[in-house]
Amino acid sequence: NFSYILYGGIYQGICQHIIFNEIFPLIFGDGRDIITVASKVLFDSLVISPFICLPVAYLVKSMVYQFTIQEAMHRYRADVTENGLLLKYWKIWVP
């Protein structure tokens, strides 16, 4: 649906490009050794995803379905605390 197009195009297409291709090399360097890669994966999993990536998905959905930002964040918190959203996310995306 439209919310996935917005999220995919704006956040994933533009913002993640900047995060992973411009900001991460400044923070972690360009190394491909196990320590650098593990640092990037952990930072993405423990900071970027729970505090930026997933909340943005809920905000985009709120714009498309016309509910408030507060409701979007309430739904996100409920999915994290009551439905194990982050555990499910980490099972899929953390190697």
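I started with T36, which counts as buried because its relative accessibility is 11% (buried is under 20% relative accessible area, exposed over 50%, with a 1.4 Å probe and protein chains only). T36 sits in helix α2; helices here are DSSP runs of H or I with at least four residues, numbered from the N terminus. Leaving aside residues up to four places away in sequence, I found T36 touching F28, G29 and G31, where contact means heavy atoms within 4.5 Å.

A note on the source: this is a predicted model, in which local features need pLDDT of at least 70 and side-chain atom pairs count only at pLDDT 80 or more, while totals for chains, interfaces and linings use all residues. Residues are numbered from 1 along each chain as its sequence is written, and side-chain values use heavy atoms, with hydrogens and water left out.

Next I looked up α3, residues 69-81. This helix has 13 residues and reaches 18 Å from its first C-alpha to its last, close to the expected 18 Å (1.5 Å times one less than the number of residues). Its buried residues are A72, Y76 and A78. Seen down the axis of α3, they fall within an arc of 165°, so they line one face of the helix; the arc is taken from the directions from the helix axis to the C-beta atoms. Which helices do the buried residues of α3 pack against? I found α2 (34-65) and α4 (85-93). On the other side of α3, Q70 and T81 are exposed.

Key. Helix = DSSP H or I, 4+ residues; strand = E, 2+ residues; numbered from the N terminus.
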